[in-house]
Amino acid sequence: MTSGHEELEDAGRLVGVPDEFQRLWTPHRMAYIQAGPEPLREECPFCEAPKFPDAERLIVARGETAYVLLNLFPYNSGHMLVCPYRHIATYDQATAEEVAEIGTLTQTAMRVLREVSRCDGFNLGMNQGAVAGAGVDAHLHQHVVPRWTSDANFFPIIAKTKALPQLLGEVREAVAHAWPITGR
C-alpha cells in the first residue's frame, strides 16, 4: 500500500512459520495449573503411588520402608522425591529404620543422577508443614534436585517458567535403568 499503512497479516496464516522465538511446550503442567492450590489430590499422592505400577506413578526404586519417585511437577529434569511408605508429616515422626533408608535412597539417587544426567550439584531438602512450603504437607518427602552450572537463566525469574529438556517418562526410564539392582 502506498498510503503509509501496512496491511495486517492474518495471524492464523502464520502457524508454523519460523521466527526468532524459541517455544517451550510443557502441556503436562496444565494439570497443575488448572488444579489450583491443591493439585490432583483427593487422596495422599505419596500413599497412593506405591499401589500402582512403577512406570505409571514415576517410581524409580522401592525399598523396605521408603521409595523414590520423580516429582510430577519438577524444578529440574530428574527432580526426585524420597518418601516413607508410612503416612507421617514430619521427620521427627520417622523411625530410625525410615531415617536410615531415606538417607541411603537419597545417596543412591544422587549417584544415579550424577551418572545419568551429569549434574554438577544438588539441592536436598524437606519442607515440613504448609507454612514451610510443603506442597504435600501431610506426608514427609525429601527432595533431590539435580543442578547444573548452566541451569540458571532468566526463565524462573522473569517468566516464572522452568525449561525441562526431557519428558518425565524418559527421565524415569533412564533413572530406573541406572538404579542398582538391589533397589529395583
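A contact here means heavy atoms within 4.5 Å. By that rule, residues 24 or more positions apart account for 60% of the contacts in the chain with a separation of 6 or more. This is a predicted model, in which local features need pLDDT of at least 70 and side-chain atom pairs count only at pLDDT 80 or more, while totals for chains, interfaces and linings use all residues. Residues are numbered from 1 along each chain as its sequence is written, and side-chain values use heavy atoms, with hydrogens and water left out.

**Figure 1. The chain as a whole.** The secondary structure comes to five helices and five strands. Helices (H or I, at least four residues) and strands (E, at least two) are DSSP runs, numbered from the N terminus. Along the sequence the pattern reads α-α-β-β-β-α-β-β-α-α. The chain has 184 residues, and 34% of them are buried. Buried means under 20% relative accessible area, exposed means over 50%, and partly exposed lies in between (1.4 Å probe, protein chains only).

Figure 2. An unreviewed UniProt entry carries the annotation "active site" at His141. UniProt positions are given in the numbering used here, feature names are shortened, and annotations may be inferred rather than shown by experiment. His141 sits in the loop between strand E4 (121–125) and strand E5 (142–147). His141 counts as buried because its relative accessibility is 7%. Leaving aside residues up to four places away in sequence, His141 touches Phe46, Leu81, Val82, Cys83, Gly125, Met126 and Val136. A polar atom of the His141 side chain lies 2.8 Å from the backbone oxygen of His139. That is a polar contact: a pair of N or O atoms within 3.5 Å; within protein, one must be able to donate a hydrogen and the other to accept it, and residues adjacent in sequence count only if both atoms are side-chain atoms.

**Figure 3. Close-up of the cysteines.** A disulfide is a covalent bond between the sulfur atoms of two cysteines. Here the cut-off is a pair of cysteine sulfur atoms within 2.5 Å. The whole structure was searched, and zero disulfides were found. For Cys47, the closest cysteine sulfur is in Cys44, 3.8 Å away, so the two are too far apart for a bond. Cys47 is partly exposed, at 24% relative accessibility. Cys119 is buried, with a relative accessible area of 8%.

**Figure 4. Close-up of the salt bridges.** A salt bridge is a side-chain nitrogen of Lys or Arg within 4 Å of a carboxyl oxygen of Asp or Glu. The count comes to four. One of them joins Asp54 and Arg62, with the closest N and O atoms 2.7 Å apart. Asp54 is partly exposed at 24%, and Arg62 is partly exposed at 27%. Another pairs Arg57 with Glu56, at 4.0 Å between the closest N and O atoms. Arg57 counts as partly exposed, at 30% relative accessibility. Glu98 and Arg86 also form a salt bridge, their closest N and O atoms being 2.8 Å apart. Glu98 lies in helix H3 (residues 96–117) and Arg86 in the loop between strand E3 (80–84) and H3, so this pair ties together parts 12 residues apart in sequence. Glu98 is buried at 4%, whereas Arg86 is partly exposed at 38%.

**Figure 5. Close-up of the aromatic pair.** A pair of aromatic rings is described by the distance of the centres and the angle of the planes. Rings of Phe, Tyr and Trp (its six-membered ring) pair if their centres lie within 6.5 Å; planes under 30 degrees apart count as stacked, over 60 as edge-to-face and the rest as tilted. The structure holds one such pair. Tyr67 and Tyr85 are stacked, at 5.2 Å centre to centre with 25 degrees between the planes. The pair links distant parts of the chain, 18 residues apart: Tyr67 is in strand E2 and Tyr85 in the loop between E3 and H3. Tyr67 is buried, at 0% relative accessibility. Tyr85 is partly exposed, at 26%.

Figure 6. Glu64 is in the loop between strand E1 (59–62) and strand E2 (66–70). Glu64 is exposed, with a relative accessible area of 73%. Beyond residues up to four places away in sequence, Glu64 touches Tyr85 and Glu101. The C-alpha atoms of Glu64 and Glu101 are separated by 7.9 Å, though the two are 37 residues apart along the chain. Phe73 is in the loop between E2 and E3. Phe73 counts as buried, at 15% relative accessibility. Its C-alpha atom is 9.4 Å from that of Leu168, 95 residues apart along the chain.
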